[in-house]
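Have the structure open and follow along as you read.

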Amino acid sequence: MNFTSSISDGGMGYCVPLPEKVYRRFLMLQNVLITYQEHLCGLNPKEFRTIKYVKRLSLLPSRCIIDGDLIWSFTMMTVAERNEVAKKIGTKTEDILNDLLEIENLTAIF
């Protein structure tokens with residue numbers, strides 16, 4: 001399970017392994033944010049970043065990677081919106097913000 005953040009040209013900025021608990025929380029948050037937020041130019045972040053394969057794979061690569069840019073957009077929401085989204089996934093806003101702060105501290109060298 002990885003957390004990625006892209007750079008402005010669409011390349012991958014960094015890839016960080018996540019503990020299972022944080023991964024599951026972020027996966028639920030990502031799924032809610034995909035349906036909750038408006039998308040730039042109508043591009044669905046999950047579908048836009050999914051690799052298209054000719055051969056069918058048993059594991060979906062897009063399922064193992066969390067979109068860091070989408071998760072970080074949580075911090076730009078109003079307090080009421082954050083609380084509503086956190087309630088939808090069954091967690092507290094503080095838990096999500098603490099996880100993001102930990103990732104920020106781990107990736108400060110990038």
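Setting aside neighbours within four places in sequence, Asp99 is in contact (heavy atoms within 4.5 Å) with Val22, Arg25 and Phe26. Asp99 lies in helix H5, where helices are DSSP runs of H or I with at least four residues, strands are E runs of at least two, and both are numbered from the N terminus. Asp99 is buried, at a relative accessible area of 10%. For burial, the cut-offs are under 20% relative accessible area for buried, over 50% for exposed and partly exposed in between, using a 1.4 Å probe and protein chains only.

Before going further, a word on the source: this is a predicted model, in which local features need pLDDT of at least 70 and side-chain atom pairs count only at pLDDT 80 or more, while totals for chains, interfaces and linings use all residues. Residues are numbered from 1 along each chain as its sequence is written, and side-chain values use heavy atoms, with hydrogens and water left out.

Val22, one of the partners of Asp99, sits in helix H1. Val22 is buried too, with a relative accessible area of 11%. Along the chain, Val22 and Leu100 are 78 residues apart, yet their C-alpha atoms are separated by 9.5 Å.

**The chain as a whole**

The chain holds five helices and three strands, and their order along the sequence is β-β-α-α-β-α-α-α. Of its 110 residues, 33% are buried. Among contacts with a separation of 6 or more, 60% join residues 24 or more positions apart.

**Two helix pairs**

H1 packs against both H4 and H5. In the table, axes are lines fitted to C-alpha atoms, for helices over the stretch in contact, and angles run from 0 to 180 degrees between N-to-C directions.

| Pair | Angle | Distance between axes |
|---|---|---|
| H1 and H4 | about 120° | 9 Å |
| H1 and H5 | about 115° | 11 Å |

The angle between H1 and H5 makes them roughly perpendicular, whereas the angle between H1 and H4 makes that pair oblique. The classes are set as follows: under 35 degrees is roughly parallel, over 145 roughly antiparallel, 65 to 115 roughly perpendicular, and the rest oblique.

Handedness is the next thing to look at. The crossing of H1 and H5 is left-handed, while that of H1 and H4 is right-handed. A crossing counts as left-handed if the near helix is turned anticlockwise from the far one by less than a right angle, and as right-handed if clockwise.

Which residues make the contact between H1 and H5? From H1 come Val22, Arg25, Phe26 and Leu29, and from H5 come Asp95, Ile96, Asp99, Leu100 and Ile103. Towards H4, the H1 residues are Arg25, Met28, Leu29, Val32, Leu33 and Tyr36, which meet Glu81, Glu84, Val85, Lys88 and Ile89.

**The two sides of H4**

In H4, Arg82, Val85, Ala86 and Ile89 are buried. They share one side of the helix because they cover an arc of only 100° around the axis, taken from the directions from the helix axis to the C-beta atoms. An α-helix has 3.6 residues a turn, so residues three or four places apart point the same way. H1 and H5 are among what covers the buried residues of H4. Ala80, Lys87 and Lys88, on the other side of H4, are exposed. After H4 comes Gly90, with a positive phi near 75°.

Leaving aside neighbours within four places in sequence, its contacts are Leu33 and Gln37.

Thr75 is found in the loop between H3 and H4 as well, and counts as partly exposed at 21% relative accessibility. Beyond neighbours within four places in sequence, Thr75 is in contact with Arg82, Leu97 and Leu100. Thr75 and Thr93 are 18 residues apart in sequence and 9.8 Å apart from C-alpha to C-alpha.

**The nonpolar core**

A nonpolar core is a set of buried Ala, Val, Leu, Ile, Met, Phe, Trp, Tyr and Cys residues joined through side-chain atoms within 4.5 Å. The largest one here has 20 residues, and Phe26, Leu29 and Ile96 have the most contacts inside it. Helices H1 (20-36), H3 (68-72), H4 (79-89) and H5 (93-106) are the elements that give two or more residues to this core. H1 supplies the largest share, eight residues.
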